Structure formats: C-alpha cells, structure tokens
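The tour has two stops, and each one tells you what to select.

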Amino acid sequence: MSWKAMLFMAFGWAIAWALFLYCFARILFGNHPKVPAESDTHSSDTAN
Amino acid sequence: MTQRERWASRIGLVLAMAGNAVGLGNFLRFPGQVASNGGGAFMIPYFVCFLLMGIPLMWLEWGMGRYGGIRGHGSTPGMFHVMWRSPIAKYLGVLGLFIPSVILFYYSYIASWTLGFALLSALGQMPEVPQQLDASRSPAEIKQEVLQPFDSFLKDYVGEGSQSSGRSAGSLLLKPRVFAYILFWVVVALNYWVLARGVARGIELLAKVAMPLLFVLAIVLVIRVLTLGQVVPGGQTPVDGLNFIWEPQWFIERGGREVFVLLDPQTWLAAAGQIFFTLSLGMGAIQCYASYLREDDDVMLTGLSTTSANEFCEVVLGSSIAIPAAVAFFGIMATRDIAEAGTFYLGFTSMPAIFSYIHYGQFMAALWFLLLFFAAFTSTVAMAQPFLAFLQDEFRIPRQNAVGILVALWVIGSHVCIFVRHAWQVMDYWSGTLGPPLMALVEVILVMWIFGGQRMWEEMHKGAELRAPRFFYYASRYVTPVILIAIFAGLVYQKITGTNEQTGLEGMPAGSIGVWIARGTLLAFAILLLWLIYRAFNGTHGDERQSGAAEAK
C-alpha cells in the first residue's frame, strides 16, 4: 500500500473514528450537562 | 392537543436515526463513488460537503423536527406552517411527504431483493462459477465468464429479461419471479408490523435489534475480506484493494479529457450527492423522527452522534468490504469497470460472485445480503413514518388505520415499480436525486432566513449538551444555501444535457411508455398529497390546526 493511500485512508478513518468515539463516549459515559442559554443579543429574527 | 408518541430512550433514538441514515448507500454507493471519483482525493470534497452542508443541515432538520413536534406536527407541511405563517408554506411542505413516500415505493422492493438474495444464498440457489480464477484473465473475460451469470440472475429475478433467459429485454411490463414478488409482500408485512406497533415499541425496538446486528455483520465481513490474502494465484490482495480505493488520483478522465479532480464540478456534485444520500437529508424523515423528542431533549449531541455512526459505517466499514474484495478476486482494471457499472452491479453481481469462490461462501453471501437487508429495512420504516405522522397529526387518524392507508398507497406505488420497466429508476431520479437538494434548499431558506437564523440557532441549543461553534451558524445561513443552489443547478444542467448518472439496471430511453407511466404516477401522487394538505389545513381539521398553532404560539 502506498504512503499516499495510507495517508488518505488515515485521514478519512481518523475523522470517522474520532467523531464516532467522541459522540458515543459523551452519550454513554458523559454526565449530560446542558449548555447555558445564549445571551439574548439578537433582535428581529421574527417570522410570525 | 393530543399527546404525541415519544422515544423511550436516548440510545433507541440514536439507533433509530442511525438506522434511518445507514442504508445501501453506505456499503454500495459510497465505495463505488470513491473508486470512480478520484479515490482518496474524493475524500476532500466529501468532507468539505460534510462539514459545510451535512452537519448544518442535519442539526437544522433535528431542530425543526423538535420545534414542529412539540407543536403537534410530525411532518413538514405542519412544521412549515408553524414556522412561516404564509398560505404557501404548508404546500411547500409537500416535498417532505412526497420524497420519502416515493422512495418507499421502490426502496422497499429493493430491500426485498436483499432479503431474497440472502435466502437464496443460504439455500445454495445462486449461480455457480465453474472455473477457478487466475490473474491472466482480462476484465472482459471476467465480466463474461464470472459476472455475467450473476448479472443475468438479478435481471431474471426482477424480470428485466436477459440474454440467457427467454424473456424479452425490451417489453413494457416486467415479469419478476414469483419468489421476488412474495418477498416484496414479506417486506411490506414486516414494515406493517413494526409501524403499527408505534414509535417506541416498533421503530425503536427494531433499531435496537437491527443496528447492533448490522454493525456485527459488517465487522465480520470486513475481517473476512481483509484476511482473504492472495486468493488468485499471481493476483492481488485486499490491501491492494484498499490502496485502489484510497490512493488519491488528482487527475481523472471525464468525457475523454483529463480534469483536475478538485476543480471538477462532477466530482463535487458526486460528493454532495453522496452526503445527501447517506445522511438521508432533505427527505423529511429526520424531521419526523425528531418530532417525537421532548422540548428539553438534546438535539445537538444526539444529532451529531447519529451522523457519526453513519460516517463510521460508511468511511470505515463501507470502504473495506466490496471494493477490496473485488480487487482481490478480479484485479484493479475489472474492479474499476464494476464500480462504474453502478451500485447494484457491485452489490448484487460482483459480491455474490466473489463469495462463490471462498470457503463458506454461501454463508458469507447470506450474511452480506442480510447486512444490506437490515440497512434497507430500518430505512424503509423511516421513509414510511412522515406520511403516517401526517395522517395521525393532521387528520387525527388512529395509528393502526393510518398504517392501513399508507400501505394501500404504498402497494399501488410499488406495483408500478415492480411491473413497469424503468419506473423505479424514474422515481429514484425525481425523489432520490433531484428532490432532496430542492427540499433542503426550501427548508434552509425557510428556517435560516424566514423563520430567523438566530431564532433557530437558539431553538437548536435548547436543552443541548453540546454547543456548536458559531461557524456552523454562518455556514448554514450563507454557505449551505449556495452549495444547495449549485447542486440543484448542476443536476438540472445534467438532466438537460443528458449527462445524468444512470442509477438503474439499464438506461432509460427518454420516450419509453414506462417512463411516462412512472411520471404520471408521480404526478398523480403529488396532486393527491397537495389535496390532502389542503383538506388538512382548510377543512374541519384545519380549524383545529389553526387554533392549535395559536395556542402553541
């Protein structure tokens, strides 16, 4: 296997593995704190 | 407002959403796309589209689904209606009913092929390959002597006709095997059973069983393929296959001339299309599943988790089965032809041919098709749910009755696909290729520009366990719509110039009667859906909707 193929495979697999492990570790073992609400600085994004 | 169903557990929701996303695209379409669009170089546009379009759209659809769900709407007509108080909003939402339902018509039939092939493989009823392979065979010889029997077998199975059978290969009507037809009904019955049991006791339970099984099957197959070694004397190995799929080719041939892959619109279109297809974006199914969330349930981390499960299945597992196995048995030249021949050629022709050469091949082939079946089954259930939710939420029809109505329409649509030549390819083009980018464009404009980008951003972060970088706000407000317009324009251009990919078993002659029957079916179905939306929001039920929306507001 050429080093270029290995590099690109490592690139693809690293992203997929990292995302997968990060998310599932947080879901399965995290303590699930909720993020605080963003400060209400916006103005007129209204539709209704 | 009546109490809507809810997911019973978070892991069940993640698995159900992952089941919605993981389908044939992960194991068949992705490796074929990578092999035909620059190998490792394809991963650059692929991940750029994933980052700028896939993740923002996915969060948007989750947020939108939860917003609609807590206001009593599990399908996009109702969701659009509460997000944009314009008379046309609910009619734009027809896309979120039309697309998944039409996909359901043909995808359920394809799911039945995978079940049928699993059974036939287990029973040893697949074609035989008499000769041993050797490295001196040319791609043309491999195609003729090894793959042709399996290609004919598939065409006979679905009644397309083949050179080896006495059936006509050009008539309007298809004559599938009785076995294929029975298996279609088995798939419908299985879906009926799951859907009638409801969200938590049906869909979630299915996902909890099928998704772990799917992962196990995929891992078993990956290990088996990667440990094949040199199976053909003087030939190549699965590692050469990995090399073939991941080696970046910066210059590829397009229409007889060499192009730089990162500046080639077709490659970008293929990457964006794959992201859409694999994440089930722009179909209305994610919104529908998300509508069964509670108001304070997290959508950010949970949404990202389902996306990550899908990417893992695709990039890690999907790339390590079909193409490496094909290279080990047939060599790189023949594998390139196989990949370019399309998804079905790779999955239903090449893979069973490969398994017929290895020890316990029958068993491995059955596992392969079972893997595809689980992937497809969890997706068919997801495609059925938006229309069910529409009937339940907007017409107050009990679930059992709603499933009955859905199945009646589904069976009619599927029969067009089963018996009319080219019908499912036409439906696939309109609902699976052209529809999702259009739907995504409508929803991203509606949500980020009409409903309000900041408002939706805050909505998505209610109860969130993950704060998304602000980058994604700007991506979904400014970049995603531009990409979607480019994709849609590219697809329309391809359609006009006749350079669109053929996704089916055979090409589609433009004027064939089958094509027009399929288009007529689609038109009739679209009109029916629009009428139902009109009835839901303007009749007796409509009054209830209006007051319900006012209360929610």
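**Stop one: a pocket**

The second largest pocket of this predicted model has a volume of about 450 Å³. To find the pocket, select B:D264, B:P265, B:Q266, B:L269 and B:Q494, which lie nearest its centre. They belong to a lining of 20 residues.

Next, colour the elements of chain B that each supply at least two residues of this lining: α3 (43-69), β2 (257-260), α11 (265-279) and α19 (471-497). Which of them gives the most to the lining? Select α19(B), which contributes seven residues.

Now colour the lining by residue class. Twelve of its residues are nonpolar, five are polar and three are charged.

How much area do chain A and chain B bury between them? The value is about 3600 Å², with 67% of it on carbon and sulfur atoms.

Last, look across the interface for specific pairs. How many salt bridges are counted between chain A and chain B? The count is zero. Polar contacts do occur across this interface, in four residue pairs with both residues at pLDDT 80 or more.

Note on methods: Residues are numbered from 1 along each chain as its sequence is written. Chains are lettered from A and ligands numbered from 1 in the order in which they are written. This is a predicted model: local features need pLDDT of at least 70, side-chain atom pairs count only at pLDDT 80 or more; totals for chains, interfaces and linings use all residues. Side-chain values use heavy atoms; hydrogens and water are left out. On a 1 Å grid over the protein atoms alone, a cavity is a set of points where a 1.4 Å probe fits but cannot get out, and a pocket is an open set with protein on both sides within 12 Å along at least five of seven lines; lining residues have an atom within 4 Å of a point. Grid points are joined across faces, edges and corners, and a volume is the space filled by probe spheres set on the points. Helices (H or I, at least four residues) and strands (E, at least two) are DSSP runs, numbered from the N terminus. Ala, Val, Leu, Ile, Met, Phe, Trp, Tyr, Cys and Pro count as nonpolar, Asp, Glu, Lys and Arg as charged, and the others, Gly among them, as polar. Buried area is the accessible area (1.4 Å probe) that two parts lose on being put together, summed over both. A salt bridge is a side-chain nitrogen of Lys or Arg within 4 Å of a carboxyl oxygen of Asp or Glu. A polar contact is a pair of N or O atoms within 3.5 Å; within protein, one must be able to donate a hydrogen and the other to accept it, and residues adjacent in sequence count only if both atoms are side-chain atoms.
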